Amino acid sequence: MKTYTYPKSAELFARAAKVIPGGVYGHLGPAEGCFMPVQAYPLFSSRAEGAYFWDVDGNRFIDYMCAYGPNILGYNDPDVDAAVQAQLKDGNCVSFPTAKLVDLGELMVDTVDMADWAFFAKNGGDTTMFSLMIARAATGRKKVVLTKGGYHGVAPWTQKAGHPGITPEDVANNLYVDFGDFEGLERLFAEHRGEIACFMSTPYYHPVFDDNRLPPDGYWKKVRELCTREGVVLAIDDVRCGFRLDVRGSDAHYGFEADLECFCKALANGWNISAVCGKDWLREAAGSVMYTGSYWLSAAPIAAAIACVGKMRKMDVAKVCTEKGRKLTSGLAEAGKRHGFDLKISGEPAMWFMRITDDPNMDHHQAWVAECVRRGVFFTNHHNLFINAALTDADIAFTLDVADEAFAAVKKDGPLSARKGW
Amino acid sequence: MVDQGTLARVNLFAVLRTLEGLPAHDDEARKIANGKREVIQFTVGGVGKARLAIGGGKIAFMPGGGGATINLWFPDGAKLNAMFAGTGNPIPLKGLTKIGYLKGPFTALTDRLTHYLRAKPELLKDAKFRAANSELSLHVAFYALSEIANADPDGRLNAGRMTDGAILIAAKGGPALTIAVKDGRLETRNGDVEVPGKRARMVFSSLDAAGQLIRGELSSYLAIGTGDVSLGGYTPIIDHMNKLLGLVPRYLS
Ligand SMILES: Cc1ncc(COP(=O)(O)O)c(C=O)c1O
């Protein structure tokens with residue numbers, strides 16, 4: 001199999017370096033994205049379609065990052081994009097919302113089990129911040145309990161003291177507990193009785209670097225009861241999992257009901273819109289918080305969300321992605337075994353996490369991922385991966401061939417640190 | 001915010017130590033190292049002790065106290081920092097008669113170090129000077145990094161999040177350092193030394209790339225994209241390492 005090179009990506013990066021901090025910043029960039037070694041990775045795409053993107057050098061990739069979640073139906077989904085085009089003819093960002101805002105509100109309430117109302121914004125971080133503000137407005141309390149290793153965006157309160165730009169005051173109202181540690185949560189609630197506004201968590205544990213963990217048996221039921229008893233708002237950050245596990249919301253998937261639920265990524269197949277859904281008792285508080293933005297009620301992304309949610313429901317997208325995920329991940333693990341590597345799969349199949357075990361330095365894993373990328377299968381090293389509905393059986397078969405060859409290459413050449421001239 | 005106690009640790013355990021490497025690059029430093037043997041002990045209230053042995057053709061840095069021919073005492077870190085900033089003097093406790101050595105050869109040595117570390121742009125055009133600057137800067141920056149990790153409030157927060165192990169810092173074809181992490185405390189060692197759990201690496205494409213990065217000519221995040229810095233191995237250590245590296249200019253600029 002031919003391996004890729006990226007001269008045009010490198011050229012563009014050199015141009016970017018002059019005018020953009022970090023060249024490509026954030027999770028799509030080589031630093032946060034853990035491109036190791038960077039030479040194995042493209043840095044810019046030129047177009048995308050279905051399950052693929054092409055980089056600026058013309059290399060094709062099966063994209064298992066799905067733009068870190070938004071691509072759920074396949075890039076350039078014809079139905080979603082047609083809804084956007086039609087809306088654009090009528091206008092987009094105007095002084096008033098269109099009727100579609102109400103249509104989408106109704107659709108969300110009808111689709112998401114826990115939802116009595118829906119509120120729309122742009123990014124996932126808007127929705128986690130808003131949820132916390134609603135909880136504070138409703139309870140008159142300050143503190144929030146978060147799980148260690150959880151990610152809720154980039155607002156200062158979601159980051160760590162000591163990181164650039166973050167002060168100790170920014171995180172002074174945060175308390176932390178391990179995901180799944182019910183007793184620890186109970187203890188925190190008791191120690192800070194009457195101070196905690198909100199417990200915010202993703203529905204399952206999907207950190208970077210670590211094996212992902214599903215909620216322990218009975219965990220969410222107990223947490224639900226505890227929050228109700230203590231008057232704490234239970235906010236589920238479904239930004240990453242939303243619709244991939246269950247179109248009814250990931251709380252419904254795990255058999256409980258959140259007070260607030262945050263959606264973003266898969267909501268509109270890549271068009272920029274996010275949502276908070278809530279229970280009736282928080283409606284007033286949600287209405288009372290001053291929270292808005294220039295583009296939040298723009299009509300085109302709303303049209304995209306209506307089309308996307310409708311299509312996801314119709315095809316049962318979570319089931320589709322879960323089945324494809326199972327098929328792919330079992331094949332990947334088998335490919336590893338053939339070459340003597342134990343590839344451990346964790347999390348939910350539609351957005352699985354994987355790592356080679358017996359590899360304490362992560363060296364073999366990084367080498368294997370790099371070998372896959374250079375052969376047209378885009379994985380990242382230490383973040384969960386994503387399945388989209390456009391992925392075909394042929395794509396899965398191709399991926400497994402690549403994975404097999406990549407394992408063979410790592411077996412032969414060893415991890416990067418063992419190679420000459422690294 | 002610059003914490004005076006941390007700055008004093010950086011001065012005592014990173015900057016002073018870097019004098020060790022000076023004779024390899026500088027004629028004047030070599031001459032002094034070949035001259036009369038003196039052992040200068042620095043005692044800094046609330047910070048610690050270190051000794052510098054000059055003579056026999058080399059300069060050796062030794063953390064901790066011991067026998068010395070000249071004893072310098074600083075009541076606190078701020079006074080040591082004042083000496084390094086050129087705005088204060090130490091109080092000699094022993095070897096009062098050696099004032100001449102302090103004012104002469106020792107001051108000349110520190111001036112030479114400043115000459116290399118705070119390099120004037122025109123001097124950096126000379127390849128040999130540039131290489132010396134890069135090597136000494138790499139050394140001082142990564143020794144300072146451990147002091148900052150152990151003492152600066154932001155540094156401690158980040159170091160506390162690190163897993164035990166070690167990371168290799170190296171320039172291709174050039175010098176290497178090893179930073180060991182244990183219970184949230186860091187220790188820099190010279191060279192690619194075998195320590196348990198050496199799990200990650202930060203490799204500069206060349207000594208010059210390392211120098212550029214430390215001089216602030218090259219952004220570290222950018223350098224990852226261009227391959228001038230290649231990171232690999234156990235990512236949770238590297239991640240925090242980058243955050244610590246970001247704090248170094250606070251203390252060395
Ligand atoms: C669980 C979770 N919450 C919040 C966010 C933040 O979303 P955004 O980047 O759209 O602000 C993300 C993004 O990755 C996420 O995965």
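## Chat on a predicted model

User: Is A:His192 buried or exposed?
Analyst: A:His192 counts as buried, because its relative accessibility is 17% and the cut-off for buried is under 20%. Keep in mind that this is a predicted model.

User: Where is A:His192 placed in chain A?
Analyst: A:His192 is in a loop of chain A. Helix H5 (182-191) comes on one side of that loop and strand S7 (196-201) on the other.

User: Which side chain has a polar contact with that of A:His192?
Analyst: The side chain of A:Glu195, at 2.8 Å.

User: And leaving aside neighbours within four places in sequence, what is A:His192 in contact with?
Analyst: A:Lys143 and A:Leu175.

User: Switching to chain B. What is its average pLDDT?
Analyst: Chain B averages 93, and 98% of its residues score at least 70. For the complex, the predictor gives an ipTM of 0.88 and a pTM of 0.94.

User: What order do the strands of the open sheet in chain B have?
Analyst: The order is S8-S7-S6-S9-S10, five strands with mixed pairing.

User: Which strands stand at the edges?
Analyst: S8 (185-190) and S10 (229-233) of chain B. Each has a single partner strand, so one side of each lacks a neighbour in the sheet. From one strand to the next, the twist averages 20 degrees.

User: In what sense do S6 and S9 of chain B pair?
Analyst: Parallel, over six bridges. S6 covers residues 165-171 and S9 covers residues 198-204. B:Ala171 stands opposite B:Phe204 in S9(B).

User: Which helix lies across S6, S7, S8 and S9 of chain B?
Analyst: Helix H5 of chain B, residues 127-151. That helix runs at about 160 degrees to S8(B).

Conventions. Residues numbered from 1 in each chain as written. Chains lettered and ligands numbered in written order. Predicted model: local features only at pLDDT ≥ 70, side-chain atom pairs only at ≥ 80, totals over all residues. Heavy atoms only, no water. Helix = DSSP H or I, 4+ residues; strand = E, 2+ residues; numbered from the N terminus. Buried < 20%, exposed > 50% of the residue type's maximum accessible area, 1.4 Å probe, protein only. Polar contact = N/O pair within 3.5 Å; in protein donor to acceptor, adjacent residues only side chain to side chain. Contact = heavy atoms within 4.5 Å. pLDDT = per-residue confidence, 0-100. Pairing = 2+ DSSP bridges. Axes fitted to C-alpha atoms, helices over the stretch in contact; angles between N-to-C directions.
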